[in-house]
Amino acid sequence: MADPMAMRKAVAGYVEGIHRAYVKQATTFPPAVQGRLPLLAAGRLTVAAVGARNLHILATTEGLGPPRGQEVELPGEFEGLEWTVRFYDPVVVPALGLIDESEGPASEKVRGALGIATVVYHVVTQPGSGLSPHHAGHVGSGLASAHSAATRDFERLRDRARGREALVDEMEGAAVAGLARAQILLARAIRPHDATVGEAVDASLRPGATPDPDGVRKVLLKAFTEEPV
């Protein structure tokens, strides 16, 4: 049987690898963009490492209370970014044992079992080879690039959506918090009479569909870009 503490340290090392790669990738962006990146803007995070059928690693700015009973936490820090990794499994949170992941990761149910409403990132992987430094670096740099692209998109939207800047601010806030459906609904509110945006929103919110806030944001931005002068 694998040593539980050795596995926890491996997960903590994987989280550190994600954060190191994120920070290093962020240094390639302009200072103001760096300051708006969700991971750097947070300053301090709690990272929940959740063992269900899959291993879920999700970072949040929400407090999870002090460790109780068999809960374990490990701290981490890199260039001003601080975090604590908290470990959860069905022994610590019995509701996790009721989650069925036989057909794929049940990310929303995992968040619900912990009571987490907002996330900075949520990664699903496997113990062992899935926790390699190479994989952590790839995930971290990819997150930074995605967050940077979103930041730049919101800047463009503010410039184009005159009179609706407050809604764009709300949409960006929802993106930082990881609220996918809120972002999508705000896209409709920003451009309520655009058929193309409406179709993208409806497709993303259709029962059984996976919400795609990034795709909807791109459609929204394109609608403003192609608007007649």
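In this predicted model, the largest nonpolar core comprises 31 residues, of which Tyr 14, Val 47, Ile 57, Trp 83 and Tyr 121 touch the most other members. At least two residues of this core are supplied by each of α1 (4-26), β1 (44-51), β2 (55-60), β3 (72-78), β4 (81-88), β5 (121-125) and α5 (133-160). The largest share, seven residues, is drawn from α1. For Tyr 121, when neighbours within four places in sequence are set aside, the contacts are Val 15, Ile 18, His 19, Leu 39, Val 47, Ile 57, Leu 58, Ala 59 and Leu 143.

The largest pocket holds about 1,100 Å³ of space. It is lined by 37 residues, and those closest to its centre are Arg 111, Gly 178, Ala 180, Gln 183 and Pro 213. Each of α4 (107-114), β5, α5, α6 (165-177), α7 (180-190) and α9 (213-225) contributes at least two residues to this lining, with the largest share, eight residues, coming from α5. By class, the lining of the largest pocket consists of 20 nonpolar, nine polar and eight charged residues.

At least two lining residues come from each of α1, β1 and β4, and α1 gives the most, with four. The lining of the second largest pocket divides into 14 nonpolar, three polar and five charged residues.

Notes
Residues are numbered from 1 along each chain as its sequence is written. This is a predicted model: local features need pLDDT of at least 70, side-chain atom pairs count only at pLDDT 80 or more; totals for chains, interfaces and linings use all residues. Side-chain values use heavy atoms; hydrogens and water are left out. A nonpolar core is a set of buried Ala, Val, Leu, Ile, Met, Phe, Trp, Tyr and Cys residues joined through side-chain atoms within 4.5 Å. Buried means under 20% relative accessible area, exposed over 50%, partly exposed in between (1.4 Å probe, protein chains only). Contact means heavy atoms within 4.5 Å. On a 1 Å grid over the protein atoms alone, a cavity is a set of points where a 1.4 Å probe fits but cannot get out, and a pocket is an open set with protein on both sides within 12 Å along at least five of seven lines; lining residues have an atom within 4 Å of a point. Grid points are joined across faces, edges and corners, and a volume is the space filled by probe spheres set on the points. Ala, Val, Leu, Ile, Met, Phe, Trp, Tyr, Cys and Pro count as nonpolar, Asp, Glu, Lys and Arg as charged, and the others, Gly among them, as polar.
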